[in-house]
Amino acid sequence: MQAFTRLRHILLPLLMCYTSIAFSARAAQLPGSLDNALKELDQAIEQRDKYFSVKQGRIDSLKTRAASMQPVNRIKLMRQIGDEYHHFNVDSALKYYHSGAQLAQQLNRTSEEQQFRLLWASLLPIKGAVFEAIATFDSIPAQDVFPENQTLRYKVGNQLFFYLAGNYPIRESQNRFARRAMLYTDSLVSLLPAGGDDTRFFEAELYFMNGERQLAVAILSELLEKLPNDSRLFAHTASILADYYSGSNHPEDALFYKAVAAAADIRSATREETALHSAGVMLYDRGDLDRAYAYVINSLSNAVSSGAAVRAMQTAESLPIIGQSFRKSDKRKVTFLMWLIVVLVVALGSILAMMFYVKKEMRKLQSMKEQLNVANRMKESFISQFLSLCSIYMEKLEEFNRLASRKIKAGQVEDLYQLLKFGKMVEEQNLLFCEIFDNAFVHIYPTFVEEVNRLLESDKQFTLTQPNKLNTELRILAFMRLGVDDSSQISRFLGLSLNTIYTYRNKIKSKARRRDTFERDIMQIAQIS
């Protein structure tokens, strides 16, 4: 909502409307006067802990359900938990969106991973991570977006770039961000179902942008009549109307709608908000210092609790001015001002901690990206080795066919039979397979032997007699690391009997430090986490 407040000064013709909508046109569910609107806001502030408690209870219930679910079913609940946290606790929302993306990646659920990345990007500017937000959003170009994610991408683009247009300090960048936001808004209107509340809201935005201001205000006023007064869309709609009236020099109407929006924010348990702070500043201009002080303090408390670093700094900007006037009006308020300073210091400390957290998460993401690059190179190397092995086997097969043809033509069938009977060719192929397999596996997992030895008793560890050459026991473990756990398959690969494979596996397991988890520990070797 703050984005639209500042966007008014960036794109003044965009938000300046005719003043034909007055208090007489307000919906029946709205307060009948400015005084009633302020009283309802005061009551909402008194009960805000109740609204926040209900919200937290709903989140805790979702967490409990998610904890008992299988990973494939947990993804949807992680999205719901992140959405619940979205305007309630930004740090927690980022955490669940990030964790959801990781889980979706592990399960190869690419569409859900893309959704989590978009939602994660939408929250980063609130933490001050502007460039990371733009980079993440732009890393998902339109041509790569899944059809089911198109609407979400446009909504995130609309939210992200309107926010940046209203808060970024450089005018040239503000205009560029505003133009991008307008493009996503236009795309949203074409995608969303006609006549829906979201569609009407974005249509109103477009009318504002195109200069059809009367129609835009009429749509927003109509929306307020039908929307529940505890919804985010209701609060957003009222706040934009307040910005319009403020720009058209109707301060009482502007304060009325800001108060309505702030009360709706509290009812919807929204902590990451701007309407309450804006109402406090407007009351300060009217000389109502008691209410102004209370509203700004509550808004700052919300910003700090939500982890919205940028909101906290914006709210804190008005504190010195209001505090100074408050002290002049009544010396007894000095004690409260001291507490205000304490809160501000705590808020600044929280902001620094939040910024440190974001940087730490970015470093973790970079590290994960590097690990994934290594994994991709390993995969490519393994595929290359596999193709090389296939090529060699094809050559050997052709060579055997030529040999068999020559023997048969020369009438040397007995020689051919003896060659097959003693299995010399099979033995040669097994040796060739083991040589290529050993070389490929050691190249892909260069520390495999060392990590296996860490799992074994100190006096029962393996020592390689030749570089890049595994013994039979290590080959069995290598197959297990690659996910080939079936002993019959391993026996066919290595040309050994099934009983021999069982004997080797039991022998290896008897050397382990932790026998119960040995096979699971083998699977953890060189795993990306």
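Me: What does buried mean here, and what is the relative accessible area of Phe-202?
Reply: Buried means under 20% relative accessible area. This is a predicted model, and in it Phe-202 counts as buried. Its relative accessible area is 9%.

Me: How many aromatic pairs does a search of the whole structure find?
Reply: Rings of Phe, Tyr and Trp go into the search, and they pair if their centres lie within 6.5 Å. Going through the whole structure that way, the number of aromatic pairs comes to 12.

Me: Are the planes of Tyr-97 and Phe-116 stacked, edge-to-face or tilted?
Reply: The two ring centres are 6.4 Å apart. Stacked needs planes under 30 degrees apart and edge-to-face needs over 60. The planes of Tyr-97 and Phe-116 sit at 50°, so this pair is tilted.

Me: Which helices hold Tyr-97 and Phe-116?
Reply: The pair ties together parts that are 19 residues apart in sequence. Tyr-97 belongs to residues 90-106 and Phe-116 to residues 110-123, so the helices are α6 and α7.

Me: What about Phe-201 and Phe-202: stacked or edge-to-face?
Reply: Phe-201 is buried too, at 4% relative accessibility. The ring centres of Phe-201 and Phe-202 are 5.6 Å apart. Their planes meet at 80°, and over 60 degrees is the cut-off, so the pair is edge-to-face.

Me: Which ring does Arg-271 lie over?
Reply: A charge counts as over a ring if it is within 6 Å of the centre and within 35 degrees of the normal. Arg-271 is 4.7 Å from the ring centre, and the ring belongs to Phe-52.

How values were computed. Residues are numbered from 1 along each chain as its sequence is written. This is a predicted model: local features need pLDDT of at least 70, side-chain atom pairs count only at pLDDT 80 or more; totals for chains, interfaces and linings use all residues. Side-chain values use heavy atoms; hydrogens and water are left out. Rings of Phe, Tyr and Trp (its six-membered ring) pair if their centres lie within 6.5 Å; planes under 30 degrees apart count as stacked, over 60 as edge-to-face and the rest as tilted. Helices (H or I, at least four residues) and strands (E, at least two) are DSSP runs, numbered from the N terminus. Buried means under 20% relative accessible area, exposed over 50%, partly exposed in between (1.4 Å probe, protein chains only).
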